[in-house]
Amino acid sequence: MAGTSSGIVAGLTAAAVGTVGFLAYQAQATVPASLGGVAGAGASPSVSASKAPRDLRNPGALPGDSGTGERVVYSVDDDRVWLVDERNVVQRGFGVHPGAVDPPVGRYWVTSRSNAVTGTDGVPIEHVVRFTSVDGVVIGFSAAVGSSMGTTTDSSVKTGGIRERREDGDAMWKFATIGVPVVVIR
């Protein structure tokens, strides 16, 4: 009888794993091209590879040539984020601590979110907002649970987590829902 029970459990487990794998493949295969999280031919022409113009009197101001409409703007050179509403008004701007892997300049879309997980550096994180991946490293915004921004000291760990303070992570979580554009600038 034990052999039969274990065979049934193994069969059910294999069927469940196969079903989950199929559903994951199907979900990935049906993501609209506009939400694919890949910059390329469809990238906004207003986003250039050169550094976006800055207001020298107000270094925290939203850079010019960062797009229009509702969006998250992330400057890889300045380690700064702006949450911009549909009227092009900055709702919040804040500094961040980037991971080891930077996303290329371009226009992306929020493709997935997780309320709480463990980051690739082993740090518990919350309010994860993902928008692309580079060479298999997922890139997104998150806040470390605890008092620090959760930066890793192990340079061999390839992280794509752009860490925010918890209060900034809360604002990002409320603002950056699935499909919201993320514009990466220099």
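Buried means under 20% relative accessible area, exposed over 50%, and partly exposed in between, with a 1.4 Å probe and protein chains only.

The model is predicted, so I noted that local features need pLDDT of at least 70 and side-chain atom pairs pLDDT 80 or more, while totals for chains, interfaces and linings use all residues. Residues are numbered from 1 along each chain as its sequence is written, and side-chain values use heavy atoms, with hydrogens and water left out.

I placed V129 in strand β6 (residues 124–134). Strands here are DSSP runs of E with at least two residues, numbered from the N terminus. Leaving aside neighbours within four places in sequence, I listed the contacts of V129 (heavy atoms within 4.5 Å); among them are V110, R113, F141 and W173.

Next I looked up rings, and a search of the whole structure gave three aromatic pairs. Rings of Phe, Tyr and Trp (its six-membered ring) pair if their centres lie within 6.5 Å; planes under 30 degrees apart are stacked, over 60 edge-to-face, and the rest tilted. The Y74 and F141 rings are edge-to-face, because their centres are 5.8 Å apart and their planes stand at 90°. Y74 is in strand β1 (residues 71–75) and F141 in strand β7 (residues 137–144), so this pair ties together parts 67 residues apart in sequence. I found Y74 buried at 0% relative accessible area, and F141 is buried at 0%. Ring pairs link Y74, Y108, F131 and F141 into a cluster.

Methods
Helix = DSSP H or I, 4+ residues; strand = E, 2+ residues; numbered from the N terminus.
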